[in-house]
Amino acid sequence: MGHHLSVCSSSTSSLSPQAMCGYDQVDEGMGENMLVDGMFGLGRGSVDLVSQLKQQKIITQNVIGHCFNSKGGGFRIIGKDVPSSSHISWVPMSKNSKYYSPGRATLHLDMKSIVTKPMEVVLDSGSTYTHFPEDLHDQLVAALKASLSKSSVEEVHDPALPLCWKGPRPFKSVDDLKKELKPLLSLNFGGGVTMKIPPENYLIITRHGNACFAILAKKEIDLYIIGDITMQDQLVIYDNENERISWQQYPCGKKTKSKSAIVSRI
């Protein structure tokens with residue numbers, strides 16, 4: 001008999017590596033879109049894919065990892081056998097959040113605080129871009145523009161995103177970005193745990209050769225939503241067994257094999 005998994009309704013589906021909903025399917029009559037979506041059924045909802053795989057003994061532990069390659073592709077791991085490293089940072093999952101959250105953090109630009117009040121951070125693999133509260137986003141943009149005022153880049157209109165810069169010559173690669181745009185963003189969780197966000201993790205290169213700011217403003221939220229752009233070239237692990245989250249720099253284009261986990265290419 002084949003395995004069956006619940007998907008985005010009361011029906012069932014034969015086991016297949018398809019994209020499925022990772023949040024609870026409860027209509028509360030609000031008529032609103034979900035704040036964060038999650039990817040491939042990897043959310044924390046009661047019908048999430050990984051919990052079902054464990055219940056059916058296809059995997060032994062509820063552990064998930066994903067690694068997005070900045071050059072395209074990457075991989076995800078479902079099960080206990082995830083790559084380890086001495087450089088890994090573990091933080092407890094927030095017990096007060098229904099999303100994957102490593103807790104509250106303060107935002108910094110080149111070690112200077114943008115706002116002193118800690119705010120919840122949510123890792124959302126279902127969001128392409130990163131989103132910050134509108135007022136805080138305005139403060140960050142002002143600080144970023146000030147830090148670039150003496151650089152060789154200048155602001156330019158580009159239809160791709162609201163805020164873009166051009167360099168002395170068109171940007172073609174991440175290495176080009178590193179030469180001209182150096183400000184470092186970081187989220188400080190306290191206790192020595194920091195999520196560093198270099199320019200290549202908050203900028204995209206458009207078809208016009210410009211660099212555009214891929215952190216967008218979002219109204220009526222009071223948290224940092226970290227999207228795929230900011231998680232590129234990092235192995236992010238959600239250990240639901242021990243209720244902790246980790247991230248580390250990793251060659252996401254590298255082929256990964258495992259005997260005890262499900263590994264699939266993205």
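**A look inside**

Author: The largest cavity is lined by Leu123, Met195, Thr230, Met231, Gln234, Val236 and Trp247. Before we go on, bear in mind that you're looking at a predicted model, where local features need pLDDT of at least 70 and side-chain atom pairs count only at pLDDT 80 or more, while totals for chains, interfaces and linings use all residues. Numbering starts from 1 along each chain as its sequence is written, and side-chain values use heavy atoms, with hydrogens and water left out.

So what counts as a cavity? On a 1 Å grid over the protein atoms alone, a cavity is a set of points where a 1.4 Å probe fits but cannot get out; a pocket is an open set with protein on both sides within 12 Å along at least five of seven lines, and a lining residue has an atom within 4 Å of a point. Grid points are joined across faces, edges and corners, and a volume is the space filled by probe spheres set on the points. Searching the whole structure turns up 1 cavity of 30 Å³ or more. The volume of the largest cavity is about 40 Å³. Sorted by class, its lining has 5 nonpolar, 2 polar and no charged residues. Here Ala, Val, Leu, Ile, Met, Phe, Trp, Tyr, Cys and Pro are nonpolar, Asp, Glu, Lys and Arg are charged, and the others, Gly among them, are polar.

Gln234, one of those cavity residues, also leads us to an open space. The second largest pocket holds about 560 Å³. It has 23 lining residues, and Pro198, Glu200, Asp233, Gln234 and Gln249 are the closest to its centre. Helix H3 (174-180), E12 and strand E18 (244-249) are the elements that each give two or more residues to this lining. (Helices, H or I, have at least four residues and strands, E, at least two; both are DSSP runs numbered from the N terminus.) By class, this pocket's lining has 5 nonpolar, 12 polar and 6 charged residues.

E11 and E12 run antiparallel, joined by 5 bridges; strands pair if DSSP finds at least two bridges between them.

Past E6 comes a loop worth a stop. Methionine 111 sits between strand E6 (103-109) and strand E7 (112-123), and its phi is positive, near 75°, although the residue isn't a glycine. Most residues other than glycine have a negative phi. With 70% relative accessibility, methionine 111 counts as exposed; exposed means over 50% relative accessible area, buried under 20%, and partly exposed in between (1.4 Å probe, protein chains only). Glutamate 220 also has a positive phi, about 60°, and lies in the loop between strand E15 (215-218) and E16. Glutamate 220 is exposed too, at 84%.

Now for the rings. There are 5 aromatic pairs in the structure: rings of Phe, Tyr and Trp (its six-membered ring) pair if their centres lie within 6.5 Å, with planes under 30 degrees apart stacked, over 60 edge-to-face and the rest tilted. In one of them, phenylalanine 132 and tyrosine 224 have ring centres 4.8 Å apart and planes at 70°, so they meet edge-to-face. They join distant parts of the chain, 92 residues apart, with phenylalanine 132 in strand E8 (residues 130-133) and tyrosine 224 in strand E16 (residues 223-226). Phenylalanine 132 is buried at 0% relative accessibility, and tyrosine 224 is buried at 0% as well. Another edge-to-face pair is tyrosine 202 with phenylalanine 213, with centres 5.8 Å apart and planes at 80°. Tyrosine 202 and phenylalanine 213 are both buried.

Last stop: strand E4 (residues 74-78). All 5 of its 5 residues are buried, so E4 is largely enclosed by the rest of the structure. Gly74, Arg76 and Ile78 face one side, and Phe75 and Ile77 the other. Strand E3 (residues 63-68) pairs with E4 in the antiparallel sense over 5 bridges.
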